[in-house]
Amino acid sequence: METRGIEDMFDFRRLPKDGLVLLLLLIYFPVGLCLMFLRIFIGVHIFLVSCALPECFVRRFIVRTMCSVLGMHVRQKNLRSRDKNTKLYICNHVTEFDHNIINLLTPCNTPHLEGSTGFVCWARGFMEMHSASGQGVLAETLQRYCSTEGTLPLLLFPEEDTTNGRVGLLKFSSWPFSLTDSFQPVALRVTRPLIALNTPESSWLTELLWTFFAPCTVYHVSWLPPVSRQDGESNQEFANKVQELLACELGLVSTKITKADKAEHIKKKRHTVPQTSTSVRPGSINLGFMVQSSGTDDHRMTKMAQQVKDVLPHVPLNVIAKDLAKTNCVDTTITNLLESKDKTQMEASGTSTFGPSSTYSSDPTPAIKPAAKSFGKSPADRHLSLQERKEALYDFARRRYIEKHGLDQEDSQ
């Protein structure tokens with residue numbers, strides 16, 4: 001499934017990136033905070049009024065007017081196209097409160113397909129459904145509901161998840177189009193200044209508080225003419241046609257990105273660890289090198305560096321760590337260090353094998369050269385090369401000790 005452009009369909013940060021808008025938001029912040037607490041108090045009373053009044057036009061008008069005080073304004077377009085006899089409304093999904101807004105304009109029921117049940121489900125205005133038995137059973141139950149006389153129309157969101165409403169529509173699921181052969185599409189566009197409409201993985205309660213904090217949230221509802229299925233048209237073909245119709249009305253792109261693609265993208269972003277540059281720091285086992293701070297990889301990189309150090313004891317650990325960060329392979333790192341034309345410079349930064357840094361004499365000291373020009377292919381060759389290097393290292397250390405203390409070769413022996 002191609003997911004190109006998926007990053008543009010969702011807002012992963014609540015606050016704006018533009019410096020001027022962010023400055024305006026900081027100025028507005030005290031006002032928004034006061035508005036939020038005031039609207040929470042008013043919202044409780046609106047909820048009580050909606051529970052006390054029976055379902056009728058008067059109740060919807062009162063609740064809609066009071067919702068404007070909460071900053072949720074509703075505007076309708078093509079009101080004459082609304083079909084009062086339809087049994088199913090199909091709408092795109094932008095916020096967690098789309099069903100409440102549509103319900104302020106026309107009586108309808110929205111089944112709650114996932115999430116909390118019981119009082120919370122009822123308080124949010126959903127029709128509780130037992131969806132644990134599977135999508136097939138759920139579709140059959142809703143199909144019987146639509147065929148029953150006297151029931152309120154259903155409101156479904158085939159995208160099954162929210163977007164930012166600015167770029168494109170998620171791919172429509174086909175099962176809602178199996179309920180009936182005729183329904184009415186509803187195009188929904190939502191605007192809000194200063195802050196994003198929603199962010200992935202935010203709860204409905206968090207979104208409600210941000211809605212109260214924002215100056216206003218304007219819902220533009222456009223009623224499209226009813227659509228009927230053509231002969232021989234499958235559910236998915238029917239869904240694709242309606243998706244194109246709504247996308248054209250909203251000026252958006254009809255994509256193939258699904259709800260599962262969104263969840264996978266969010267999962268990847270959550271587990272992405274930013275890469276850090278390598279630097280020198282003391283290790284817990286006397287290793288003076290820096291590895292990538294990626295949790296479980298720390299111990300593995302330390303072990304790999306120690307293996308390279310056992311074979312090439314004259315090479316500083318920070319040089320080994322830098323090469324391991326590129327190759328991620330012990331053998332490749334050893335080969336690179338052995339076959340390098342440039343001589344490895346010994347760094348006296350507290351990470352040397354010979355201990356803390358000291359002032360060397362100005363006399364030229366013969367450098368330790370590799371005993372072999374290439375890395376041994378067999379374990380026996382590598383072991384022999386290791387023994388030769390240990391002997392060369394011992395001779396080098398003995399010569400340095402003699403030169404430092406002014407001893408003769410015979411006295412040291």
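Phe-12 is partly exposed at a relative accessible area of 29%, where partly exposed covers the range between buried (under 20% relative accessible area) and exposed (over 50%), computed with a 1.4 Å probe on protein chains only. This is a predicted model, in which local features need pLDDT of at least 70 and side-chain atom pairs count only at pLDDT 80 or more, whereas totals for chains, interfaces and linings use all residues. Residues are numbered from 1 along each chain as its sequence is written, and side-chain values use heavy atoms, with hydrogens and water left out.

**Aromatic pairs**

- The structure holds twelve aromatic pairs, a pair being two rings of Phe, Tyr or Trp (its six-membered ring) with centres within 6.5 Å, counted as stacked when the planes are under 30 degrees apart, edge-to-face when over 60 and tilted for the rest.
- Phe-10 and Phe-12 make an edge-to-face pair, because their ring centres lie 6.4 Å apart and their planes stand at 75 degrees; Phe-10 is buried at 4% relative accessibility.
- Phe-57 and Phe-61 form a stacked pair, with 6.4 Å from centre to centre and 25 degrees between the planes, and both of these residues are exposed.
- Phe-57 and Phe-61 lie four residues apart in helix 2 (residues 57–69), about one turn of the helix; helices (H or I, at least four residues) and strands (E, at least two) are DSSP runs numbered from the N terminus.
- One aromatic cluster is formed by Tyr-28, Phe-29, Trp-210 and Phe-213.

**Salt bridges**

- Ten salt bridges are present in the structure, each defined as a side-chain nitrogen of Lys or Arg within 4 Å of a carboxyl oxygen of Asp or Glu.
- Asp-11 and Arg-166 form a salt bridge in which the closest N and O atoms are 2.8 Å apart, and this pair links the segment before helix 1 (19–52) with the loop between strand 5 (154–156) and strand 6 (168–169), 155 residues apart.
- Arg-14 and Glu-207 meet in a salt bridge of 3.0 Å, N to O; Arg-14 lies in the segment before helix 1 and Glu-207 in helix 6 (residues 204–213), so the pair ties together parts that are 193 residues apart in sequence.
- Arg-14 is buried with a relative accessible area of 10%, and Glu-207 is also buried, at 3%.
- Asp-181 and Arg-229 meet in a salt bridge of 3.0 Å, N to O, with Asp-181 in the loop between strand 6 and strand 7 (182–191) and Arg-229 in the loop between strand 9 (227–228) and helix 7 (235–250), 48 residues apart.

**Helix 8**

- Helix 8 (residues 259–271) has 13 residues and reaches 19 Å from its first C-alpha to its last, close to the 18 Å expected at 1.5 Å a residue, the expected span being 1.5 Å times one less than the number of residues.
- Asp-261, Lys-262, His-265 and Ile-266 are buried in helix 8, and they lie on the same side of this helix because they cover an arc of only 135 degrees around the axis, taken from the directions from the helix axis to the C-beta atoms.
- Ala-260, Lys-268 and His-271 are exposed residues on the face of helix 8 turned away from its buried side.
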